[in-house]
Amino acid sequence: MAAYLVGSIPTALLIGKYFFHVDIRDHGSKNPGATNTLRVMGKRAAIVVLLMDVAKGMLAASLPLIFDTPVEPLYTGMIAVIGHCFPIFAGFRGGKAIATTAGALLVVDIGMFLAVYLTFIAVILLTKYVFMGSISVGIAILIYSFFSPEVHEPFIFTAFIIFLIFLHRSNLQNFFSGKEPKINDKKVKGDRLPPKDLKM
């Protein structure tokens, strides 16, 4: 429960409301995550959202260590990811798992973190689509688990891939209909808030 509540803290929503007086879910892709924050509110806001979302995953995965309980940190980290995606504090309308997953992996397995997020970056650079990099996170975790003696949870990681595909279903629909913007697509600049509203 504690891990879920930590994950449920709606970082992008709070930054948008308190610093820009907007609901991030009404702008851009309407997703309250770091990527949409970058497109709508700019780099500084996106960096803050990214770091705080990563911190949520790190804290949740650290809870078993903090309270000295025999619970696998991977599980509490994944529960925080669910909280991030379906936050009780924001009407269950949350982000798409990637930053909070990174935080959890930093605590659970630094090697897995490096392998997974280097794959994430590489896929984005090759395809120019953020959502493809995001889905590759689940695939990379699953593949890594087969080669790691410490972490081997194929059922959980397979379910995580399905979960990521579900979260990015709108991106997939846009991709197949030719509407999904690439990271260098000038059209996304139209989602940016007017300069007068950017006061962070």
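A residue counts as buried when its relative accessible area is under 20%, as exposed when that area is over 50%, and as partly exposed in between. This cut-off is applied below to several residues of the protein, whose structure is a predicted model. Phe92, for instance, has a relative accessible area of 47% and is therefore partly exposed.

## Overall architecture

The protein contains ten helices and zero strands. Read from the N terminus, its elements follow the order α-α-α-α-α-α-α-α-α-α. Along the principal axes, the C-alpha atoms fill a box of roughly 50 × 35 × 25 Å. A compact globule of 200 residues would have a radius of gyration near 16 Å, and the 17 Å of the protein agrees with that value.

Of the 200 residues, 48% count as buried. The accessible surface of the protein comes to about 10,500 Å², and carbon and sulfur atoms account for 69% of this area. Among contacts with a separation of 6 or more, 61% are made by residues 24 or more positions apart.

## Two loop residues with positive phi

Most residues other than glycine have a negative phi. Lys30 is not a glycine, yet its phi is positive, at about 70°. The loop that holds Lys30 runs between α2 (11-20) and α3 (34-41). Phe92 also has a positive phi, near 60°, in a residue other than glycine. Its place is the loop between α5 and α6 (98-108). As for accessibility, Lys30 has a relative accessible area of 47%, so it is classed as partly exposed.

## Accessibility of selected residues

| Residue | Relative accessible area | Class |
|---|---|---|
| Lys30 | 47% | partly exposed |
| Leu63 | 12% | buried |
| His84 | 7% | buried |
| Phe92 | 47% | partly exposed |

His84 belongs to helix α5 (residues 73-85). With a relative accessible area of 7%, under the 20% cut-off, His84 is therefore buried. Not counting residues up to four places away in sequence, His84 touches Gly7, Ser8, Asp53, Lys56, Gly94, Gly95, Lys96, Ala97 and Thr100.

Leu63 is part of helix α4 (residues 43-66). Its relative accessibility of 12% is also under 20%, so Leu63 counts as buried. Once neighbours within four places in sequence are set aside, Leu63 is in contact with Ala2 and Ala3. Leu63 and Pro73 are ten residues apart along the chain, and their C-alpha atoms are separated by 7.3 Å.

## The packing of α9 and α10

How do helix α9 and helix α10 pack? Helix α9 (residues 154-167) and helix α10 (residues 169-176) meet at an angle of about 60°, and their axes are 4 Å apart. Because of this angle, α9 is oblique to α10. On the side of α9, the contact is made by Ile165, Phe166 and Leu167, while α10 contributes Arg169, Asn171 and Leu172. These contact residues comprise four nonpolar, one polar and one charged.

Apart from neighbours within four places in sequence, Leu172 is in contact with Phe131, Ile135 and Ile165.

Terms used
Residues numbered from 1 in each chain as written. Predicted model: local features only at pLDDT ≥ 70, side-chain atom pairs only at ≥ 80, totals over all residues. Heavy atoms only, no water. Axes fitted to C-alpha atoms, helices over the stretch in contact; angles between N-to-C directions. Parallel < 35°, antiparallel > 145°, perpendicular 65-115°, else oblique. Contact = heavy atoms within 4.5 Å. Nonpolar A, V, L, I, M, F, W, Y, C, P; charged D, E, K, R; others polar. Rg over C-alpha atoms; globule rule 2.2 N^0.38 Å. Buried < 20%, exposed > 50% of the residue type's maximum accessible area, 1.4 Å probe, protein only. Areas by Shrake-Rupley, 256 points an atom, 1.4 Å probe, with all protein chains shown as cover.
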